[in-house]
Amino acid sequence: MEVDPLMTGTNPTVAPSESNGALATTVPSSAPGGLVKSVVALDRVVIRLAGDSGDGMQLTGNRFTSETASFGNDLKTLPNFPAEIRAPTGTLPGVSSFQLQFADHDVMTPGDAPDVLVAMNPAALKANLAELPGGGLLILDSDEFTPRNLAKVGYATNPIEDGSLEGWQTVSVPLTSMTLEALKDSGLGKKEAERSKNMFTLGLLSWMYHRPTEGTIRFLERQFRRKPEIAAANIAAFRAGYNYGDTTEAFAVSYEIKPAPMKPGRYRNISGNQALALGLVAAGQRSGLPIFLGAYPITPASDILHEMSRHKAFGVRTFQAEDEIAGIAAAIGASFGGALGITTTSGPGVSLKSEAMGLAVMTELPLVIVDVQRGGPSTGLPTKTEQSDLLQAMFGRNGEAPIPVIAPRSPGDCFDAAIEAARIALAYRTPVILLSDGYLANGAEPWAIPAVDELPDLTGDVGFATEPNGEDGEYLPYLRDPETLARAWAIPGTAGMQHRIGGLEKADRTGNISYDPANHDFMTRTRQAKVDGIAASIPLTDVEDPDGLDGEGARVAVIGWGSTYGPIGAACRRIRSSGRKVAQIHLRHINPFPADLGEVLARYDRVICPEMNLGQLSMLLRARYLVDVQSHTQVRGLPFRAAELAAVIQDAIDTAQPTAVTPSAGSPAVNGAQQ
């Protein structure tokens, strides 16, 4: 076993529940100068950093996350930033935040609300204070609470001084001036030196939570290697913040969260976009095909293009197209030429790509279409998350144009979902839509790096045609595999493999242009049957019902897809910890559904479906299985809170009534027979 020193551990026998509150024990500790400080042991903590979009909150949060991952805690993150490149300084629209939950056990969400709020200015305080529970720790940069900044957000008086913050543990720290003092000999100007206050803050938090520091110092040296004076200034500010926490009387307590038990192996901190990109690269390696990515930059999918462009050594070719249509058209052309074609976008881009998606359906070429969903419609909320593209993925094309749809459930799962999308695209010669979202794309978690030989072998799904397959020695491009209904795939230029391609209807077997009514009916039904047949190669429904293993299972089930997995799972943990029973069903494959899904749903008296849309999966389930699914929705641009979902589940359990079963024709009751 190869173990990365960043993170090691052992897997717990039973996963602990998502805690509703941190457990604490206290031990004394001595600081330099004889100052006695206490170290409080916690089982978890939720921190939110908030400031102006130019204050570096995302960088600070990412560095704290990396050091927390290297320490061995389990974690989940929620970056939240404005769409504007630079909103007006000190205003509410310009507030950027980063929330992180880390723990000594496995966690499923970044936390409902922060235990600690670091607010770098009055705007950050006003935008976030309502979500900090009473008694929570509030750290403020007092230097930024000037009359001008207070007036920008409507504060008539300074909240640090007027008593309005008495309900919280408030610590006012002159972060800006202390950073300037630490860098007075750096040679930087005042404005440049002030930019390092986020590193001062990071140093303070690193001391408070006993985070490693070496990784951040190495990062700063590497990040600013061409500007050594900037690197030195940031490192000096970081160390000054750490030393301030260690020596000041303002913080008499630091906190310790022990590493979480994990399976032995190599781990890294990874975002959803990074994992998805690496999964696509791995799919190319495991299929033996070159990867071609045709993409137009769009938030929040652009990082996939950036990440994949770094992997040319693995046969990846990236093309930044002039628009969305060119991106997908080039990817279809690459698939026609024998590569695995991929295009990445968000909801507005899927709208533009829809005609070309129909072309990929008609030509029956493998193609992976990644939709990292964001708030809509139109330009909508570019940096906020949503799940509102499901029906667009299912039906957003002219004609009968079925496309498989799959969705990852966590940042790390984006890797496996990408490989699965590639498998289906290759094995069934079809475009596949991979539905991620902004929460997964930007969020991060520890990810166990898999061994290459553990990944699926996709070479058997390629099968290029190299010789004529017809009875008379001709090549029949639409002669199908009897098991998958996938058509033959020939690389252009292969001798004897000439054939027609394009968007006009194809004749069965020959692929010639055909306007025959019976042929069109047959080909339409065949393309649908091919997608329906994918259900035979995917796992059965994923159901988590611990009480159903040894006795009577739950009567209420919660079904979800995509990034709702974490909040639903955390809510179910809360319900079970209270002694109630609930089942969790989570779908990776949405088109087609798992073969047994209808049977599974019929087991429960009530089925709840939380979605970040207005009930799109609920609509599909009702239509397909005639199950009265209870839809619970929100479209706030933020993930669900576990407490909210737990309340919904609790109400459903309290009001659930057993479903009366009507005997079917042919049953003993109907026929009058008594057993």
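**A walk through the predicted model**

Helices (H or I, at least four residues) and strands (E, at least two) are DSSP runs, numbered from the N terminus. Two strands pair if DSSP finds at least two bridges between them. Axes are lines fitted to C-alpha atoms, for helices over the stretch in contact, and angles run from 0 to 180 degrees between N-to-C directions.

This is a predicted model: local features need pLDDT of at least 70, side-chain atom pairs count only at pLDDT 80 or more, and totals for chains, interfaces and linings use all residues. Residues are numbered from 1 along each chain as its sequence is written, and side-chain values use heavy atoms, with hydrogens and water left out. The pLDDT is the predictor's confidence in each residue, from 0 to 100. Its mean over the chain is 92, and 92% of the residues reach 70 or more. Over residues 1-17 the pLDDT stays under 50, and the model has 40 contacts for them beyond four places in sequence. Residues 659-675 are also below 50; this stretch has 9 contacts beyond near neighbours in sequence. Contact means heavy atoms within 4.5 Å.

Return to the sheet. Strand β6 (residues 116-119) runs parallel to strand β7 (residues 137-141), joined by 4 bridges. Val116 has Leu137 as its bridge partner in β7. Buried means under 20% relative accessible area, exposed over 50%, and partly exposed in between (1.4 Å probe, protein chains only).

Next come the rings. Rings of Phe, Tyr and Trp (its six-membered ring) pair if their centres lie within 6.5 Å; planes under 30 degrees apart count as stacked, over 60 as edge-to-face and the rest as tilted. The count comes to 9 aromatic pairs. Tyr209 and Tyr255 form a stacked one, 5.4 Å centre to centre with 20 degrees between the planes. Tyr209 is in the loop between α6 (197-208) and α7 (214-223), Tyr255 in strand β9 (residues 253-257), and the two are 46 residues apart. Tyr209 is buried, because its relative accessible area is 1%. Tyr255 counts as buried at 17%. Phe593 and Tyr625 form a tilted pair: 5.8 Å between centres, 45 degrees between planes. Here Phe593 is in the loop between β21 and α19 (597-601), Tyr625 in helix α20 (residues 616-625), 32 residues apart. Phe593 is buried at 7% relative accessibility. Phe64, Phe102, Tyr209 and Tyr255 form one aromatic cluster.

Charges also meet rings. The rule asks for NZ of Lys or CZ of Arg within 6 Å of the ring centre and within 35 degrees of the ring normal. Lys126 lies over the face of Tyr155, 5.1 Å from the ring centre. Arg409 lies over the face of Tyr565, at 4.1 Å.

Now the other sheet. It is open and mixed, with 7 strands in the order β12-β11-β13-β14-β16-β15-β21. Its edge strands are β12 (316-320) and β21 (589-591), each pairing on one side only. Strand β11 (residues 291-295) pairs with strand β13 (residues 340-345) in the parallel sense over 3 bridges. Leu340 in β13 is the bridge partner of Ile291. Helix α11 (residues 324-336) lies across β11, β12, β13 and β14 (367-373), at about 165 degrees to β13.

Elsewhere, strand β10 (residues 267-271) and β17 run antiparallel, joined by 5 bridges. Tyr267 has Ala448 as its bridge partner in β17. In β17 (residues 444-448), 4 of the 5 residues are buried.

Gln387 is in the loop between β14 and α13 (390-395). Gln387 is buried, with a relative accessible area of 0%. Beyond four places in sequence, its contacts include Gln373, Asp437, Trp561 and Glu611. Glu166 is in the loop between α3 (147-152) and β8 (169-173). Glu166 is exposed at 70% relative accessible area. Glu166 and Gly349 are 183 residues apart in sequence and 48 Å apart in space, C-alpha to C-alpha.
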